[in-house]
Amino acid sequence: MTAAPARAGTAIGMSGLTVRFSSRRSQTTALDDVSLDIEPGEFVTIVGPSGCGKSTLLKIVAGLVRPTSGEVSLLDRPVKGPQKEIGFVFQKAALLEWRGARANILLQAEMRGMDRAQAARRADELIEMTGLTGFEKALPHELSGGMQQRVALCRALLHSPPVLLMDEPFGALDALTREQMNAELHRIWRETGTTVVLVTHSIAEAVFLGTRVVVMSARPGRIIRTFPVELPAHRDYAQVMSDPRFDRLATDLRGLLGSAAANH
Amino acid sequence: MTENALDTAGRKAAAATAAGESAVPAGNSSTGGPGPSTVAGPPPGVGGRPPRPTLGRRALGLADSLWRPALVLAAFFAAWWFVAAQEYVPNYLVPTPVQVWTTMTDQWSELARHTLVTLYETVVGFVLAAALGLAAAVAIAYSRTLDKALYPIVLFAQVIPKIAIAPLLVVWFGLGFTPKIILAVLIAFFPVVISGVAGLRSTDPELLDLAATMGAGPWRTFRKIRFPNALPHLMAGLKVAVTLAVVGAVVGEFVGASEGLGYVLLLANGNLDSALLFADLILMSGIGIVLFVLVEIAEALLIPWHASRRAGVPLTTS
């Protein structure tokens, strides 16, 4: 929580990140002095009210937005410009509508100039892992929202990035599909050991997936508190939902988020 | 893109078969939550996809979409024939279809030569307009400076009645092909630029963010994402442009020429030869229709995935 300098072996280091957007009439502070260190292999979930700058935070880590002040590092290297060592998943699947599922996943390889055969093998692995088998050639408009988001997830994982950034990836899905996707993402995280930062509105999602939950305040976005999640590393959706520790943490978070919104 | 377009045809068929046998995805080791059988039922679009239509079916579909306009045309034709044959209007004003047909066959070798001239001017003009228009669109879409410097001028130039430039072009470039081609380019250029800019700007900003994190340079991003994404817009612009190119070529011939359908039209007009006039008009329209259909076919091949191509548009597979 304190602005510790990025230590060796930090996946993501943020210190004193502040972002101000100035328009002609006014100046808004989107993020105010955000500091957070994330260790390799962690799954950090960020919750907060709408417009608290959560998405901006991810974009800063990806090097897509420059902070007004503050420092950010990825894999111990300062972030200057777009980062390649990451996979990014948005709320929208953002697929190329003229490409089938597999070709959409392979876009990642083509854009990076990866080895074709190797990328193809990896794509087939991911397709099987996410249950897209049989839909390799289906165009995006022929896929349901959940399936589209699976394709986007595979695309983000194709190059086995050490860091995966997810901006409300399941926000547009129905509740049931969302639970399935959560369970699958949890399994993928366990299997790959990727560092994940996931922004969400859902408290249940944040607790089920995270090893740490970061709570942010409404604009200007600040980190209010960080909760370690004391649940086993290997989680089962149904078990977690009935676990008293889940209930306690969810209740705490709900209370904190309620006051965060009220104080705004 | 062509590579993409070509394999889409095969892909459609393959995906249709795949959808049928994929209700239960293989190898989904679940965490114990929802079982694999519920993970992926075929999504609505895939399961209900109609199989690729056979040639006969497609011909039937085409016939189905064409018989109504054909009927209207036939009625119009019949009315024309009746009015002309009964001489409600004198034949030197409205010739009968037979007179037009006789004129066309009698003077076919001459008419064919003039048609080729106009066709040549139109096609060269259209191709140049497409190339220049696309280049301008890319420049405008990619450079803020050019956007601010060029785009207002392109928009403003559209208010100049370009047909009025034709005499000037004849003065400058003489009676050959050049002034006609330039006029065709000037007229056809605008819709290509506008549609190209609109298409290139319609790229999802998240896709561009994504491309940046994939470490791809601007050329790759253009080739893999922005250009194919712009194609539906661009093709719509090209369809407008190709018909306008015919107008440009013909008007160029009106102003000063010794060959071409526009020249023949003026000649026929001077001689009050309305049969030749009609024949000439039919040939001009023919050029427009043929070129339009060619662009339509190109569109169907290039962007079969696009929504506008999925609906039952005539002349495509529907």
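From the N terminus onward, the elements of chain B run α-α-α-α-α-α-α-α-α-α-α-α-α-α. The count for chain B is 14 helices and zero strands; helices (H or I, at least four residues) and strands (E, at least two) are DSSP runs, numbered from the N terminus.

Please note that this is a predicted model, in which local features need pLDDT of at least 70 and side-chain atom pairs count only at pLDDT 80 or more, while totals for chains, interfaces and linings use all residues. Residues are numbered from 1 along each chain as its sequence is written, chains are lettered from A and ligands numbered from 1 in the order in which they are written, and side-chain values use heavy atoms, with hydrogens and water left out.

Chain B has 318 residues, and 40% of them count as buried, that is, under 20% relative accessible area with a 1.4 Å probe, protein chains only.

I turn now to the cavities. The whole structure holds three cavities of 30 Å³ or more. A cavity is a set of points on a 1 Å grid over the protein atoms alone where a 1.4 Å probe fits but cannot get out, and lining residues have an atom within 4 Å of a point. The second largest cavity has a volume of about 40 Å³, the volume being the space filled by probe spheres set on the points.

Which residues line the second largest cavity? Among them are A:Phe88, A:Arg112 and A:His159, together with B:Leu210, B:Thr213 and B:Met214. Strand 6 of chain A gives the most to this lining, with three residues.

How values were computed. 1 Å grid on protein atoms, 1.4 Å probe; cavity = no way out; pocket = protein on both sides within 12 Å on 5 of 7 lines; lining within 4 Å. Buried < 20%, exposed > 50% of the residue type's maximum accessible area, 1.4 Å probe, protein only.
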